[in-house]
Amino acid sequence: MKRRHVVGAALVLLLTACGSDGGEAPPRHPGVRSDFDGDGYGDLVVSDTTATVNGKYAAGYAAVLRGSAQGPRLKGAQIVTQNGLGLGKAGEGGGFGGAGSSLSADLDGDGLADFITQAGYRTVFVVWGSDKGLSGAARLTGSAPLTGDVDADGHADLVLSGVAGSHDNAVRVLLGPFDRKGVPHSTVSVDLTPSDPAHYDAVPAALGDITGDGKDDLLVSWGTLVDEAPIAEATYLYRGAAGGKLSKGPRLTDERGEDFYGSSLRTADIDKDGYADVVAGLACEMRGDPMTPEGGSRLGVLYGGPKVRSQRFTADTAGLPVQGPFSFCSFGGRPAVGDTDGDGYADVVFSAEVEKGLKQEVLVLRGSAGGLTLKGARALPGTSAVLLDTDGDRAAELVVEQAGEIRVVRSGAPTQTFTSADLDLGPGISGGRGFSPVPG
């Protein structure tokens, strides 16, 4: 991939030219997560939503580091900004490329992953994959994108919130495949307004096949708003269905009948039984002031399938790979999922801060037939991590961030370390204090 300076109109010309040389296209590897160019390696996206772009503070950028047999390549990173997409200029605080609102999926069905990210409050961009990297884009109205296959037709679908406002309790299910203008095959609107008067805010949180019927289900956090921020207090499952007409299912509870919820939800098959499991991180509750959740900061797992089964890990759990006491409101933060050892069981990483010395750690717990286990658990210094296979060995690398430094930890290979200063961001991009990896 050639090095790209993609500020202003330069990206429009560059992206239009990609893939137009008339040569024979290389073989593609559909299904490889975050593989934008189809070479069989996941591409690592790092971003900084606080960076100034063409004089606009916190307009943000995303940098794509192409995967290879040696892991992600710094040389020739593709720098993508909102300004370079030709779909409207970025404003102050647009925050393009944020880790919490960016992901990848093959929306147009060409076998290449596409990059999906939010900018501002109600704008989502889809930047299309191509044989030579990201090329061309579409602009959609909405926020908080989620991807999955809710109707089991083999095409990736997109769920968008905030279509009419920031807290309108409605989503649009955009059914794939999409055309290159961002038009889906069809669209279904779903009202998520809570029926429980104790809750008046509904936030779509994750997609995954919890019921095992081949259709991805939507997990929705019900709760309240404090200072305009949603506070999760319960989780409801909306079942995937033909035609995208999601239907309200059960309220998720553990085997004690207690509500299962978290400020962050992820889905993955931890015990490899064919059902997606729900991982919930609840390090803190922001009710005006930060508050330790009832029962303590925690990481929870609710296993999919007909039998209700759950796990809870707290600062008091014996056998953790790093010992507390942990700092206030830190244990169980920023959960991420992926298979770090290629055994087919999803593993979970999350963050915690050791109180003594304020040492920030990323804890890695392995999946197994019995569920998440402390056997073989480990900890690495870091604030957060994502899991992504960038070297094609079918095992996800740990991509760890700490204080703006990113480390790619690969089994049997030297750790790769870099910062934003190691990337050629090109003219017009400066500053920024939020350099971090994007889940993909």
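The legends below describe close-up views of a predicted model.

Residues are numbered from 1 along each chain as its sequence is written, and side-chain values use heavy atoms, with hydrogens and water left out. Local features need pLDDT of at least 70 and side-chain atom pairs count only at pLDDT 80 or more, while totals for chains, interfaces and linings use all residues.

**View 1. The aromatic pair of Phe 36 and Phe 115 is edge-to-face.** Rings of Phe, Tyr and Trp (its six-membered ring) pair if their centres lie within 6.5 Å; planes under 30 degrees apart count as stacked, over 60 as edge-to-face and the rest as tilted. By this rule there are 6 aromatic pairs. In the pair of Phe 36 and Phe 115, the centres are 6.2 Å apart and the planes stand at 80°. Phe 36 lies in the loop between α1 (10–17) and β1 (44–48) and Phe 115 in strand β6 (residues 114–119), so the pair ties together parts that are 79 residues apart in sequence. Helices (H or I, at least four residues) and strands (E, at least two) are DSSP runs, numbered from the N terminus. Phe 36 is buried at 2% relative accessibility, and Phe 115 is buried at 2%. Buried means under 20% relative accessible area, exposed over 50%, partly exposed in between (1.4 Å probe, protein chains only).

**View 2. Strand β7 (residues 123–127) pairs with β6 and with β8 (residues 137–141).** Two strands pair if DSSP finds at least two bridges between them. β6 and β7 run antiparallel and are joined by 5 bridges; Gln 118 stands opposite Val 124 in β7. The hairpin of β6 and β7 has 3 residues between the strands, and Gly 120 takes a positive phi near 70° there. β7 and β8 are also antiparallel, over 5 bridges, with Val 127 opposite Ala 137 in β8. In a regular strand the side chains alternate between the two faces of the sheet. Thr 123, Phe 125 and Val 127 point one way from β7, Val 124 and Val 126 the other way, and all are buried.

**View 3. The largest nonpolar core has 21 residues.** A nonpolar core is a set of buried Ala, Val, Leu, Ile, Met, Phe, Trp, Tyr and Cys residues joined through side-chain atoms within 4.5 Å. Leu 44, Val 46, Tyr 61, Leu 65, Phe 418 and Leu 423 have the most contacts inside this core. Two or more residues come from each of β1, β3 (61–65), β27 (384–388) and β29 (405–409), and β3 gives the most, with 3 residues. Apart from neighbours within four places in sequence, Leu 423 is in contact (heavy atoms within 4.5 Å) with Val 46, Ala 63, Leu 65, Leu 74, Ala 77 and Phe 435. A second, separate core of 20 residues includes Val 279, Leu 320, Phe 331 and Ala 352.

**View 4. Cys 284 and Cys 329 form a disulfide.** A disulfide is a pair of cysteine sulfur atoms within 2.5 Å; a search of the whole structure finds 1. The S to S distance between Cys 284 and Cys 329 is 2.1 Å, and the link is right-handed, with 65° about the S-S bond. Cys 284 is in the loop between β18 (277–282) and β19 (285–287), and Cys 329 is in the loop between β22 (310–314) and β23 (333–338), 45 residues apart. Cys 284 is buried at 16% relative accessibility, as is Cys 329 at 18%.
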